[in-house]
Amino acid sequence: MNSAHSRIPTTTTGLDIGADGMGAEYANTESAQVPEVDMEVNLAGLRLRNPVITASGTYGFGEDYLEYCPLEKLGGITLKGITPEPRLGNPLPRIAETPAGMLNAVGLENPGLDVFVEEILPKVKAMPTAVIANISGFALEDYVLIARRLQKESGLSAIEVNISCPNVKHGGMHFGTDPKSAEQVIAAVKQATDLPVIAKLSPNVTSIKEMAKAVVSGGADAVSLINTLLGMAIDIDKRRPLLGNTFGGLSGPAIKPVGLRMVWEVRQTVDIPIIGMGGIVRWQDAVEYMLAGASVVSIGTGNFVNPQAPIEIVEGIADYCLRNGYQRVEQIVGLAHQ
Amino acid sequence: MQDKGTVLVNEVQGAPEHRIFRLVLKTDIARQAVPGQFVHIKVREGLDPLLRRPLSISDIDREQATITIFYRVQGQGTAWLSQIRNGDTLDLLGPLGRGFTLPQAEQELWLVAGGIGIFPLYAFALAAKRQHSRIRLYWGGENVSFLDSAGLKAWQALGIELVLTTMEGSSGEQGLITAPLVRDLNQYAQPQANLSVAACGPTAMLKAVAEICAKQQVQCEVSLEERMACGIGACLGCSCVLQNADGSLRRARVCKDGPIFDGKEVVWHELSAL
């Protein structure tokens, strides 16, 4: 498969009869100016080298996958969500496999804002990719508290506001299901930081369109969706819920149709850029999301299946563009709406 | 590393009703693996089952670049795995996790296994033998048929001291393996600095062994097991709870900070199985 960044050489064979009639045939191999696919995307003023990033909660703080997937290959990474205080998270079991998917109920286990700022943030500037912080809270003040400590000077590229994590009892869930609260949180975060603000939307709502409009009103620079779907599993041997937290978030290929539908709807409703995610494991899934309206795609559970998935997906998207005559990947965003 | 391992052997061991398989893979992972580590295996291509299965490494041959894994067919993942044929390849991540602490030469190492917990201890026993440590194995299983199918002969061939128990008394003492362990530890009047214990098996057994060792002030390592998604420390799906010296708690990832832990630190009631 051709790499997106390599030129595909063309050969021309010239038949040179030549003055002496000898008929020398020669091959004239030259790197023709075949269009490389421009994989750069613009996300609310940020230039990402390609449209593939990784999802919060699946990539730690960017250090666990280095031997499998160099950061230079990624458009960006989204860090594990942080809360003002350290959290131990939910009781085990936190993981359950489901048909073509999985449930997780990790519960925002994280070292807290202070440790994040003191120990993790200093490493961000050296990371050779866009780094997006993800923030969670239980009250509006929490989001503001965190956002104030995260500014452009840290080297971060953006803040993703998690108003949608379904795993924690009070963990932002009501922000994510109530348009007014969502708007307020986004507006407050916008005031507190000079970084672009991405609103991460929950699918566990009646109207994703209303939520999208609300965060736009709040001033969001971009939206990311979908977060996980609320689900559960039962342990038939113990005759109890399988997860320690009873409910968990469903992710993986099983949720892709829901994610696509919601990206479609949001694209019809708002103009701000969309980061599409939910069940992307192969390049075809990513192309579906982009055609539906996402200018960036995010890989989460896909990394567990194949740590090289993001690299393969970048190559697959580029190859798709090449084969279909698109010189810039941004050209395919939203095409399915035509 | 991520490596496509080639299947050299994948066959039933012993009596079929125990559903124990031996899997030998040719993979470069063998060049780095140490006892106590595991590999995260995509048992089937495609989306279902989606997640990899973490399986402990039982034997490591650096020269031949092979690893041996024993597994019991239990759920969907191992069922698919048992269908893999010689010559097939498997997508592997590994070697993963922190392995057992090797004893010093002339130290005494007691291995304590419950049921199929025996499997990861074999590689450790071989390594400890090379260190010229004195090794004793305590192994408890359902019955002698199980012990035979799970590799009793290979352990007998090591020439180390074996203490066996079976639940229904068909071999060795009847009952739990912790009984002879307690008796033998109680024979020492003073804490044995020269002795270390490594245990693998059902969580209730590990807890009992850790508590016995703590009481006798004997160094004890346990191999924990939890459901895993990423297997490499990124998702926090397998986080267990450990207690610090000052009594405060911290989380640790079974896949990355473990699976081998100091038995004294584990907060047992926070694990899945208890």
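Buried area is the accessible area, taken with a 1.4 Å probe, that two parts lose on being put together, summed over both. Keep that in mind for the two chains here.

First, the ground rules. This is a predicted model, where local features need pLDDT of at least 70, side-chain atom pairs count only at pLDDT 80 or more, and totals for chains, interfaces and linings use all residues. Residues are numbered from 1 along each chain as its sequence is written, chains are lettered from A in the order written, and side-chain values use heavy atoms, without hydrogens and water.

Now the interface. Chain B and chain A bury about 2,800 Å² between them, and carbon and sulfur atoms give 59% of that. Leu50(B), Arg227(B) and Arg251(B) supply 23% of the area that chain B buries against chain A, more than any other three residues. In contact (heavy atoms within 4.5 Å) are 36 residues of chain B and 36 residues of chain A.

How many salt bridges cross the interface of chain B and chain A? The rule, a side-chain nitrogen of Lys or Arg within 4 Å of a carboxyl oxygen of Asp or Glu, finds 3. Look at Asp64(A) and Lys256(B): their side chains meet in a salt bridge, 3.1 Å from N to O.

Next, helix 4 of chain A. Helices are DSSP runs (H or I, at least four residues), numbered from the N terminus. Its buried residues (under 20% relative accessible area, 1.4 Å probe, protein chains only) include Ser181(A), Val185(A) and Ala192(A). Seen down the axis of helix 4, the buried residues fall within an arc of 165°, so they line one face. That arc uses the directions from the helix axis to the C-beta atoms.

Methods
Buried means under 20% relative accessible area, exposed over 50%, partly exposed in between (1.4 Å probe, protein chains only). Helices (H or I, at least four residues) and strands (E, at least two) are DSSP runs, numbered from the N terminus.
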